[in-house]
Amino acid sequence: MVIFALLGVNLISAIILAFQGDRRHAAELNILGSAATFAVSLALAFRVYEEGPFITGDGFFFVDAFNVYLCVLTAFVSMTTAVFSRKYMAHERKHGKVGHKGMRFYHAMFQVFIFAMLLALLTNNIGVLWIAMELATLSTVLLVSLYRTPAAVEAAWKYFILCGVGIAQALFGTVLLYFASEKIFGEGSKGLLWTNLSAVADKLEPTVLSLAFIFFMVGYGTKVGLVPLHNWLPDAHSEGPTPISAVLSGLLLNVALYALVRCKVLVDGATQSHMAGHIMMIFGLLSLLVASFSLLRQRDIKRLFAYSSIEHMGIATFAFGLGGPIATFGGLLHMLVHSLTKSSIFFTAGHASQMHSTQDMSGIGGLIKGNPLAGWGLMLGVIAIAGMPPFGVFTSEFLILTALIKEAPYIMPFFLLGIVVAFAALFRRVMPMVFGPAPSNQKAVKLAHLPVLVHLGLVLAIGLYLPAFLSDWFHMALKILIK
Amino acid sequence: MSTSFAAEINSVLAALILLTSFGLLVQRRIYGLLHIFAWQGLLLSISTAIVGYTAGLHHLYISALLTLTIKVIVLPYILYLLIHRLRIHKEVEDMINIPTTMLIGIILVILSYHLMSPIRELSTLVTRSTLAVALATVMLGLLMMITRKKAVTQIIGFLAMENGLFFAATSATYGMPLVIELGVALDILIAAFIFGIFFFQIRTTFETLDLKAMEKLKEEE
């Protein structure tokens with residue numbers, strides 16, 4: 001019941017907003033819909049926390065500690081993004097960047113996008129997971145091209161084609177998985193249910209599953225934004241409206257990684273080897289290194305943080321590939337803190353570019369004088385994302401590093417190099433923007449500070465003290481991920 | 001119809017589907033592409049129906065009907081309307097290196113057979129030998145998307161890839177569960193509407209559907 005309420009709220013909000021999305025109170029409606037989703041997701045989380053994982057809807061839905069924490073995160077970040085988007089989109093509309101139809105479309109698709117991600121997280125069926133991932137892409141493609149500038153249309157086309165091709169590979173992987181499971185379960189949806197598959201994972205044909213994993217890796221890896229499949233990501237993040245960049249970076253990448261990790265559990269069970277883990281480590285490390293060196297060459301503020309997202313998804317993928325309780329715990333925590341930090345950075349970056357009417361970093365300066373809260377928001381966000389203590393990203397990266405030193409010390413220098421280069425690149429760009437001289441065209445903009453403060457506060461709190469319920473949750477998730 | 005006879009018909013159909021994939025790869029005229037794409041869908045639909053008949057699985061008839069409606073009628077019709085509305089039906093794509101593209105295509109087919117050989121050993125279905133053709137269709141669609149520079153041809157390549165995936169599902173497992181197939185069909189239809197909108201957006205912003213015009217977003221420095 002809770003699950004239907006969770007998914008229903010978004011769909012109903014989407015339908016209402018499709019007709020009312022350009023009215024005066026549309027943004028408030030959008031916030032209300034997202035807040036309702038968040039409340040229901042909390043109820044779901046409490047149920048899992050009290051009673052443990054459960055299957056419902058004739059095996060169609062499956063909720064455990066792993067996906068319920070991502071559900072709460074998705075609902076929470078979408079709520080704060082809706083709060084941020086109220087003032088941000090009002091500003092964009094006042095400046096004629098979007099019209100009536102655009103606003104209706106924007107609000108409706110925002111809710112459809114959240115619906116697709118929640119469906120992907122909650123479903124037990126690997127096939128439906130694929131369908132929901134595709135739906136999540138399709139609902140955001142036209143949002144990326146919302147402003148109709150040549151660059152935005154190009155970015156959206158790239159996003160559509162590359163993710164379409166990528167996700168098609170994942171469907172081939174799903175076909176192969178079904179081929180292997182059909183021998184055990186016979187015809188029908190039973191053979192695609194994750195809970196069934198993971199129960200008999202050791203009986204699945206290892207050669208087929210290894211081949212399937214390659215296709216899953218390429219398919220869902222494209223959506224995670226792993227190098228060399230990352231080309232769509234910086235474009236889509238820089239050209240779309242900032243609230244969409246925030247949810248793409250903070251949520252969609254996580255959901256794609258979630259799909260990949262679910263598949264990895266099955267493949268690990270079948271092959272009884274580290275094949276899948278090694279592939280993920282290679283992709284993760286490559287993403288970390290390529291993205292951190294690419295950070296040095298960026299001029300556009302949103303592109304800069306898009307590359308930073310690739311870097312951090314690389315770290316998380318690497319952690320899950322490394323395996324073991326400490327690294328996996330670090331990976332789970334990293335997904336959480338990266339999502340919170342990165343969306344708050346996108347909020348302030350959006351404000352900064354509105355204040356200076358440009359996304360070019362050389363045109364942005366003196367944020368700390370122009371608007372102290374925005375300046376400190378960006379500065380603290382970058383300190384957090386670069387992995388400085390006492391923020392939560394430090395904790396997760398430290399955990400991953402500890403496991404790495406124990407498991408594979410010879411990779412450690414490369415991992416550290418990536419983190420250090422990213423740190424240097426980010427600070428080189430951000431210091432002038434925050435403390436440098438303010439350009440003459442800087443103007444005051446109505447800003448939404450609350451989401452930024454809440455996100456950074458949470459990341460700080462997690463870094464200082466990991467609450468018991470959170471670590472219990474992660475331990476419950478660990479039991480699922482490590483057999 | 002005996003099983004071995006059905007298997008042979010199916011192999012012939014698989015060969016024809018592979019032929020249409022190569023046809024798509026080298027056809028330069030837009031209407032020509034559209035025709036080949038519709039033929040590929042028709043072959044796919046017949047093949048699915050035959051598999052459904054020999055295996056006695058009635059849900060495959062629904063899949064065959066779904067393919068027939070979407071891949072042979074709806075999508076080609078939408079594309080036809082778009083091409084007509086955008087007045088690009090006379091456009092001919094200038095392609096260089098057709099022999100090289102064909103050669104890469106052949107290598108991809110061999111690679112597909114090699115990749116799928118362990119799976120062929122494991123399968124007991126009559127359709128097992130066509131799995132490699134299905135993967136080859138996916139790969140050739142991918143190759144088409146890489147080599148072509150027009151929005152419409154890239155989309156046809158994308159849809160040909162989807163055909164390959166569908167063919168893989170029928171030949172490896174006698175089709176995915178119906179829920180999944182319906183969901184995938186829905187996704188393809190939504191995608192069709194989106195690329196329809198896209199063609200107009202690209203046309204109005206770039207005044208052409210040639211993707212060579214789209215090279216603004218590059219790494220800066």
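**Contact between chain B and chain A.** In this predicted model, 50 residues of chain B and 52 residues of chain A take part in the contact (heavy atoms within 4.5 Å). The two chains bury about 4,700 Å² between them, 74% of it on carbon and sulfur atoms; buried area is the accessible area (1.4 Å probe) lost by two parts on being put together, summed over both. Residues are numbered from 1 along each chain as its sequence is written, and chains are lettered from A in the order in which they are written. Local features need pLDDT of at least 70, side-chain atom pairs count only at pLDDT 80 or more, and totals for chains, interfaces and linings use all residues, while side-chain values use heavy atoms, without hydrogens and water.

**The side of chain B that touches chain A.** Helices (DSSP runs of H or I, at least four residues) H4 (98-122), H5 (131-147), H6 (151-173) and H7 (178-206) of chain B each supply at least two residues of this side. H7(B) provides the largest share, 16 residues. By class, there are 35 nonpolar, eight polar and seven charged residues.

**The largest pocket.** The volume of this pocket is about 890 Å³, taken as the space filled by probe spheres set on the grid points, which are joined across faces, edges and corners. A pocket is an open set of points on a 1 Å grid over the protein atoms alone where a 1.4 Å probe fits, with protein on both sides within 12 Å along at least five of seven lines; lining residues have an atom within 4 Å of a point. Of its 28 lining residues, Ile161(A), Leu162(A), Asn231(A), Met145(B) and Ile146(B) lie nearest the centre. H6(A) gives the most to the lining, eight residues.

Key. Nonpolar A, V, L, I, M, F, W, Y, C, P; charged D, E, K, R; others polar.
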